[in-house]
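Please consult the sequence and coordinates shown below while reading.

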Amino acid sequence: DFLFVSGLVAGDFRRGLAQEASVDPNAPFFSCPVERQVRHVLRQAEALCVAGETSLDRLVAAQAFFVDLRDYYSFARVWNDTLGDAQPAVTAVRVPEPALCPGARLLLDLVAYAP
């Protein structure tokens with residue numbers, strides 16, 4: 001009765017960060033890299049939840065792996081805006097690399113209830 005969505009990053013190993021998750025190099029001070037990446041990853045997670053016949057409001061657990069834990073505040077802003085009151089507990093861990101995507105600042109593992 002659970003959908004496990006693991007290893008979500010804002011891009012992939014071959015192409016790097018997705019364009020919509022990247023900061024415009026000509027205007028680097030007009031957006032936050034972590035916020036852009038979290039939005040992108042949550043859109044991926046939402047699509048996977050829909051395909052698994054559940055939704056983001058049924059998340060029951062989350063693990064967030066950060067290159068720098070100072071990014072948690074930016075993560076939490078988007079997380080809170082997206083999920084509102086339907087938030088699971090989040091375990092935040094610092095790792096040397098989020099794996100599989102150069103430039104990624106976080107990786108998410110999520111568990112959703114899917115009855």
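Which residues make a nonpolar surface patch of about 420 Å²? The patch is made by Phe 2, Phe 4, Val 60 and Tyr 113.

The model is predicted, and local features need pLDDT of at least 70, side-chain atom pairs count only at pLDDT 80 or more, and totals for chains, interfaces and linings use all residues. Residues are numbered from 1 along each chain as its sequence is written, and side-chain values use heavy atoms, with hydrogens and water left out.

**Surface patch**

- Patches are made of residues with over 30% relative accessible area and no salt bridge; like charges are joined within 9 Å, and nonpolar side chains (Val, Leu, Ile, Met, Phe, Trp, Tyr) within 5 Å.
- Accessible areas come from the Shrake-Rupley method with a 1.4 Å probe, and for residues only the protein chains shown count as cover.
- One of the patch residues, Phe 2, has its place in strand β1 (residues 2–8).
- Helices (H or I, at least four residues) and strands (E, at least two) are DSSP runs, numbered from the N terminus.

**Aromatic pairs**

- The whole structure contains five aromatic pairs; rings of Phe, Tyr and Trp (its six-membered ring) pair if their centres lie within 6.5 Å, with planes under 30 degrees apart counted as stacked, over 60 as edge-to-face and the rest as tilted.
- Tyr 72 and Phe 75 form a tilted pair, with 5.4 Å from centre to centre and 50° between the planes.
- Both residues belong to helix α2 (residues 72–83), and because they are three residues apart there, about one helical turn separates Tyr 72 from Phe 75.
- Tyr 72 is partly exposed at 32% relative accessibility, whereas Phe 75 is buried at 0%; buried means under 20% relative accessible area, exposed over 50%, and partly exposed in between (1.4 Å probe, protein chains only).
- Ring pairs also join Phe 66, Tyr 72, Phe 75 and Trp 79 into a cluster.

**Salt bridges**

- Four salt bridges are found in the whole structure, each being a side-chain nitrogen of Lys or Arg within 4 Å of a carboxyl oxygen of Asp or Glu.
- One of them joins Glu 35 to Arg 77, with the closest N and O atoms 2.9 Å apart.
- This pair links distant parts of the chain, since Glu 35 is in helix α1 (residues 33–51) and Arg 77 in helix α2, 42 residues apart.
- Glu 35 is buried at 12% relative accessibility, while Arg 77 is partly exposed at 41%.
- Glu 35, Arg 39 and Arg 77 are linked in a network of salt bridges.
- Setting aside neighbours within four places in sequence, Glu 35 is in contact (heavy atoms within 4.5 Å) with Ser 74, Arg 77 and Val 78.
- Asp 71 and Arg 105 meet through their side chains in a salt bridge of 2.7 Å, N to O.
- Asp 71 is buried, with a relative accessible area of 11%, and Arg 105 is partly exposed, with 26%.
- Beyond its neighbours within four places in sequence, Asp 71 is in contact with Val 34, Phe 66 and Arg 105.
- Arg 70 forms a salt bridge with Asp 68, the closest N and O atoms being 2.8 Å apart, and Arg 70 is exposed at 69% relative accessibility.

**Strand β4 at Gln 63**

- Gln 63 has its place in strand β4 (residues 59–66) and is partly exposed, with a relative accessible area of 37%.
- The C-alpha atoms of Gln 63 and Gly 7 are separated by 9.9 Å, although these residues are 56 residues apart along the chain.
- Apart from its neighbours within four places in sequence, Gln 63 is in contact with Thr 91, Leu 107, Leu 108 and Asp 109.

**Cysteines**

- The structure holds zero disulfides, a disulfide being a pair of cysteine sulfur atoms within 2.5 Å.
- The sulfur of Cys 101 has its closest cysteine sulfur in Cys 32, and the separation of 16 Å is too far for a bond.
- Cys 101 is buried at 5% relative accessibility, and Cys 49 is buried at 1%.
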